[in-house]
Amino acid sequence: MIQAHFNYRSGKLSGFELKGHADAGEYGQDIVCSAVSILAINTVNSLEKLAQSKPQVLSDDENGGFLKVELSDDQVQLPNVQLLLQSFELGLRDVANSYGKYIKIK
């Protein structure tokens, strides 16, 4: 199961953490894992390219199943950063609503 957690500071989204694997299908066929991965990677790329922010990103590249993204206090205040993080949260909640057996949002 994928465990997701959204971080807030002063009422604003400041980052997120993803742990675990969906195990909703065979490797390469797991649509839940694919959806979560695409949403997360696109959010990080969008934060960097579109919002010109520099999120702190920690991941377990060897084993997978772990991604932590955190933004500085200054970056958290930017409207574009908030929009991108809120879009990620909305997308992830939609995936969880459809596939709650494989993903839990804390």
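Mentor: Helices, at least four residues long, and strands, at least two, are DSSP runs numbered from the N terminus. The model discussed here is a predicted one.

Trainee: In which helix is Leu83 found, and is Leu83 buried or exposed?

Mentor: The element that holds Leu83 is helix 3. A residue counts as exposed when its relative accessible area is over 50%. Leu83 has a value of 55%, so Leu83 is exposed.

Trainee: How far apart in space are Leu83 and Leu13, C-alpha to C-alpha?

Mentor: In sequence, 70 residues separate Leu83 from Leu13. In space, their C-alpha to C-alpha distance is 9.5 Å.

Trainee: How are helix 1 and helix 3 oriented relative to each other?

Mentor: Helix 1 spans residues 31-49 and helix 3 spans residues 79-98; their axes are 10 Å apart and the packing angle is about 180°. Angles over 145 degrees count as roughly antiparallel. The orientation of helix 1 to helix 3 is therefore roughly antiparallel.

Trainee: How many nonpolar residues does the contact of helix 1 with helix 3 have?

Mentor: From helix 1, the residues that meet helix 3 include Val32, Ala35, Val36 and Leu39. Their counterparts in helix 3 include Val81, Leu84, Leu85 and Phe88. By class, the contact has no charged residues and 3 polar ones, and its nonpolar residues number 12.

Trainee: Which kind of aromatic pair do Phe16 and Phe88 form?

Mentor: The count of aromatic pairs comes to 2. For Phe16 and Phe88, the ring centres are 4.3 Å apart and the planes are 35° apart. Planes under 30 degrees apart would count as stacked and those over 60 as edge-to-face, so this pair is tilted.

Trainee: Which residue's backbone oxygen does the side chain of Ser53 reach?

Mentor: Ser53 is found in the loop between helix 1 and strand 3, and its relative accessible area of 3% makes it buried. Beyond its neighbours within four places in sequence, Ser53 is in contact with residues including Glu48, Leu71, Gln75 and Val81. At 2.8 Å, the side chain of Ser53 reaches the backbone oxygen of Leu47.

Technical notes: Residues numbered from 1 in each chain as written. Predicted model: local features only at pLDDT ≥ 70, side-chain atom pairs only at ≥ 80, totals over all residues. Heavy atoms only, no water. Axes fitted to C-alpha atoms, helices over the stretch in contact; angles between N-to-C directions. Parallel < 35°, antiparallel > 145°, perpendicular 65-115°, else oblique. Contact = heavy atoms within 4.5 Å. Nonpolar A, V, L, I, M, F, W, Y, C, P; charged D, E, K, R; others polar. Buried < 20%, exposed > 50% of the residue type's maximum accessible area, 1.4 Å probe, protein only. Polar contact = N/O pair within 3.5 Å; in protein donor to acceptor, adjacent residues only side chain to side chain. Phe/Tyr/Trp six-rings, centres within 6.5 Å; stacked < 30°, edge-to-face > 60°.
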